[in-house]
Amino acid sequence: MKAVNEFKMTLMSCSSNESFARVAVAAFIAQLDPTVEEISDIKTAVSEAVTNCIVHAYSERIDKIYISVAIFSDRTVRIKIRDTGCGIPDISKAMEPLFTTAGGERAGLGFAVMQSFTDKVQVRSHIGKGTTVTLTKRLSFRAGANG
């Protein structure tokens, strides 16, 4: 299925850009007139994915985070968040709740949160080359909703 609208942006992996990323994605999908809960869910999932780039992919440096958002005619939203960082050695393990490589105050719930707030989370990663997280969510049909 071909996207009816899409946008791309590139951010540096500064923690201050996490909030901008989630607000920018939310502003773009606002054209579909999502519910407050749907917007909140998407913002939370994007926040978790971007935070993973900042904390894990680029733990030793600042680098670029690539975000693309596509909207489809059936009100599905696909968000791709990509880094060119260290990669994930074991995706299955990384997606287990409470697993973290960062230690400290990290709870290891990033992927679990993403999964609970979207319909589908897909992770592709290559050691030394980076990771792409694809979040997919289909928004509800509402009377008067655009799309």
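## Helices and sheet in a predicted model

The axes of helix 1 (residues 16-29) and helix 2 (residues 36-57) come within 8 Å and cross at roughly 145 degrees. Axes here are lines fitted to C-alpha atoms, for helices over the stretch in contact, with angles from 0 to 180 degrees between N-to-C directions. Helices (H or I, at least four residues) and strands (E, at least two) are DSSP runs, numbered from the N terminus.

The model is predicted: local features need pLDDT of at least 70, side-chain atom pairs count only at pLDDT 80 or more, and totals for chains, interfaces and linings use all residues. Residues are numbered from 1 along each chain as its sequence is written, and side-chain values use heavy atoms, without hydrogens and water.

Among the residues of helix 1 that meet helix 2 (contact means heavy atoms within 4.5 Å) are A21, V25 and I29; those of helix 2 include I39, V46 and I54.

An open sheet of 5 strands has the order 1-2-3-5-4, with antiparallel pairing; strands pair if DSSP finds at least two bridges between them. Strand 1 (5-12) and strand 4 (120-126) are at the edges with a single partner strand each, so one side of each has no neighbour in the sheet.

Two of the pairings are listed here.

| Strands | Sense | Bridges |
|---|---|---|
| Strand 2 (residues 64-71) and strand 3 (residues 76-83) | antiparallel | 7 bridges |
| Strand 3 and strand 5 (residues 130-138) | antiparallel | 7 bridges |

In strand 3, V77 is the bridge partner of I71, and R82 that of Y66. K80 stands opposite T134 in strand 5.

Helix 1 lies across strand 1, strand 2 and strand 3, at about 170 degrees to strand 1.
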